Amino acid sequence: MNDKSILEGLFRQHYGKMIHLARTLLHDDAEAQDVVQDVFARLLENRYQMTGSKTEAYLMSAVRNSCLNYIRKMQLRERFKHLHPLNEADDSRPIEEVLTELDRINAIVDGQIEEPQRTIFRLRFDEELTFQEIATRLDMSVGAVYKYLRQCINRIKSLI
Amino acid sequence: METNNNIDRLLAMLEHPERYSEQEIMDTVNHDDETREFYRSLTQAARARRSQRSLSQPVDMEKAWEQFEQTHLATQKHGRLWLRVAATVLGVLMMSGIAWATVYTVRHFTATDKSKQTTENVATPPLTESDAVGPRIGVADTSATENEAPVVFDNTSLEQMLDEIAAYYGMTVEFQNEDARNLRFHFVWNKGDGLEKVLEDMSHFESVTIEQTDNRLIVQ
């Protein structure tokens, strides 16, 4: 096996999970791709300190750190608009644990949330409609949309 | 009731962030614990749905690799680079538990391969002559001048490392995570780098987070 194939092997083995994490943490797919490419570029330049026995854990941490750094550098209004964390220290749990919790949230939304809360959640987070657009589509007031979304989020929180 | 009103205000702000000052946004999010917690849940919800979308989206591995090759490999001189990657990978395979980076190994290649250095320096971080001969182990030289060689902390405890670095930038260190004091890492510190850059590099350490607040470095 030559040297190039070693890097290519790493890339092919881990790219899928890495791009998934980056797409989950960032709102912009192009940016997510850049982050993952950059992790491998740094590996190539040896600017990362390899600090453990597990390559995958290392690569995933590198992706998460790069994503969080990217978010930190965004304008506050942009961060808020895309619902990124605003208070710094809220992301220190293991990556697997975070991703498992996200799966759990999706299962709750799809299985345990009633109407119209669920539709409102989906229109907001899947179709990314504004609250005004949701209100118009469902023929209710914006205040009612807020109320249902509040209920929905609180219910998810209580079920996690 | 007041909290609900505040959360509704937060939702209204999401619709038009540009109409509010940064201070207003932060004040609303941090108005009370419940709102802060609610915002955190919104963050999780947004991530959860992005995660779901991502899974349903195909990953074009060929294109990604092609792009990587073109951007990062096309103009490089291959031999040495591949050697470095091989060394890195070998290092990962051999490592167990204790943090131990491969820079040392790679630099040994550099030292023994000195004759080729002039032509193959393309992607190498700035190394000085003394550095190439052999890394200094352990404690930083305090009589340092601005443009001197990078300080190489070789299998050095985080406590010792941070004490040196913090002192240089006029910061104090606080360990919230006591166990982290004795974690050992390999780290190359360029004194010419700003503190932010140094912390960014250190953020790649596994199992510790170092936060900067005012003039303190907090290890979590």
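Ground rules come next. Residues count from 1 along each chain as its sequence is written, and chains are lettered from A in the order in which they are written. As the model is predicted, local features need pLDDT of at least 70, side-chain atom pairs count only at pLDDT 80 or more, and totals for chains, interfaces and linings use all residues; side-chain values use heavy atoms, without hydrogens or water.

Chain B. It has 9 helices and 5 strands. Those are DSSP runs, numbered from the N terminus: helices are H or I, at least four residues; strands are E, at least two. The order along the sequence is α-α-α-α-α-α-α-β-α-β-β-α-β-β. Of its 220 residues, 45% count as buried, that is, under 20% relative accessible area with a 1.4 Å probe, protein chains only. Take contacts (heavy atoms within 4.5 Å) between residues at least 6 apart in sequence: in chain B, 56% join residues at least 24 apart.

Now the helix pair. H2 of chain A, residues 29-45, packs against H4 of chain B, residues 61-73. The angle is about 50°, and the axes are 11 Å apart. Axes are lines fitted to C-alpha atoms over the stretch in contact, with angles from 0 to 180 degrees between N-to-C directions. Which residues of H2(A) meet H4(B)? Gln33(A), Gln37(A), Phe40(A), Ala41(A) and Leu44(A). Their partners are Ala64(B), Gln67(B), Phe68(B), His72(B) and Leu73(B).

Last, cysteines. The structure holds 0 disulfides over all chains; a disulfide is a pair of cysteine sulfur atoms within 2.5 Å. Cys67(A) is buried at 0% relative accessible area. Cys152(A) is buried too, at 1%.

How values were computed. Buried means under 20% relative accessible area, exposed over 50%, partly exposed in between (1.4 Å probe, protein chains only).
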